[in-house]
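Take a look at the model below. Keep it open while you read.

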Amino acid sequence: MIKRVFIFIFKLLAGLILFSVLMVIIYGWAPVPYTPLMVIRYIENPDEGIRHQWVPMEEIANNLKIAVIASEDQNFPNHRGFDLKAIEKAMDENKAGKRSRGASSISQQTAKNVFLWPQRSWVRKGFEVYFTFLIETFWSKERILEVYLNSIEMGKGIYGAEAASRAWYNKPAKNLTPYEAAAIAAILPNPRVYKANPASSYIQGRKSWIVRQMQNMGPIKLKTR
């Protein structure tokens with residue numbers, strides 16, 4: 001009986017691992033139609049709706065690609081999913097009693113948004129590490145950024161670059177200027193509170209900082225398939 005239980009558990013875990021790997025491989029090529037966060041938000045606020053339109057990487061302005069990297073994860077092109085220096089710095093600041101800061105890379109945020117639920121817990125964090133490892137293994141950096149830009153929340157009921165660009169600036173994502181892209185990137189820490197347009201004084205300050213970072217970083221090369 002005990003042996004049968006262990007065999008069942010082993011088969012169940014093996015099946016879940018195989019399924020997760022299969023999903024990562026599929027999403028390495030296919031558009032992501034919905035994310036768990038979209039479903040949760042819709043259940044919580046059905047009147048809010050879901051504005052989401054997948055567009056290929058070439059239809060997203062380079063300004064937005066650079067802006068989110070400058071704002072969220074400047075070491076994204078170089079790390080393997082985890083920015084160890086950022087994590088260490090965040091831990092030191094938190095221990096010193098300073099304002100808590102996150103250190104999640106774009107890869108981690110992508111893994112969380114596409115495959116997991118939003119609530120914080122050690123269990124979810126463990127799955128986040130697992131899926132981050134998978135997407136860094138099976139996806140290129142360019143694909144990770146493409147999925148990130150098409151899936152993350154960019155306002156109430158707004159998901160992805162195309163929907164955000166049309167909602168905030170009434171234009172396609174491929175036509176975003178540096179300052180418009182920086183404004184969208186500036187609201188990402190809390191897109192349900194902040195607005196890209198009209199921007200508050202706080203977002204204006206972040207937008208200016210992001211534009212300066214974009215200028216300092218220059219062109220960015222990402223590994224493709």
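This report walks through a predicted model, from its core to its surface and its backbone.

## The nonpolar core

Start inside. The largest nonpolar core has 53 residues. L64, V68, F115, L145 and I184 have the most contacts inside this core. At least two residues each come from α1, α3 (62-72), α5 (106-115), α6 (122-138), α7 (141-151), α8 (161-169), α9 (178-186) and α10 (201-217). In general, nonpolar side chains tend to be buried together in soluble globular proteins.

Now pick out I184. Beyond residues up to four places away in sequence, I184 touches L64, M154, A164, S165, W168, Y169, L176 and A196.

## V147, a buried residue

V147 sits in helix α7. Its relative accessibility is 0%, so V147 counts as buried. The cut-off for buried is under 20%. Which residues does V147 touch, not counting those up to four places away in sequence? They are Y27, V32, W54, T110, V114 and W139.

V147 can also be compared with S107 by position. These two residues are 40 apart along the chain, and 9.8 Å separates their C-alpha atoms.

## Two places on helix α1

Helix α1 covers residues 2-27, and I9 lies in it. S20 is in helix α1 as well. Is S20 buried or exposed? S20 is buried, because its relative accessible area is 7%. The side chain of S20 makes two polar links. One runs to the backbone oxygen of I17, at 2.7 Å. The other is a polar contact of 2.7 Å with the side chain of Y130. Leaving aside neighbours within four places in sequence, S20 is in contact with Y130, F131 and L134.

I9 tells another story. I9 has a relative accessible area of 39%, so it is partly exposed. I9 also belongs to a nonpolar surface patch of about 740 Å².

## Two backbone details

Most residues other than glycine have a negative phi, and most peptide bonds are trans.

N170 lies in the loop between α8 and α9. N170 is not a glycine, yet its phi is positive, at about 55°. N170 counts as exposed because its relative accessibility is 69%.

P198 is in the loop between α9 and α10. What is the form of the peptide bond from N197 to P198? This bond is cis, with omega near 0°.

Terms used
Residues numbered from 1 in each chain as written. Predicted model: local features only at pLDDT ≥ 70, side-chain atom pairs only at ≥ 80, totals over all residues. Heavy atoms only, no water. Patch = residues over 30% accessible without salt bridge, like charges linked within 9 Å, V, L, I, M, F, W, Y side chains within 5 Å. Areas by Shrake-Rupley, 256 points an atom, 1.4 Å probe, with all protein chains shown as cover. Salt bridge = Lys/Arg side-chain N within 4 Å of Asp/Glu carboxyl O. Helix = DSSP H or I, 4+ residues; strand = E, 2+ residues; numbered from the N terminus. Buried < 20%, exposed > 50% of the residue type's maximum accessible area, 1.4 Å probe, protein only. Core = buried A, V, L, I, M, F, W, Y, C linked by side-chain atoms within 4.5 Å. Contact = heavy atoms within 4.5 Å. Polar contact = N/O pair within 3.5 Å; in protein donor to acceptor, adjacent residues only side chain to side chain.
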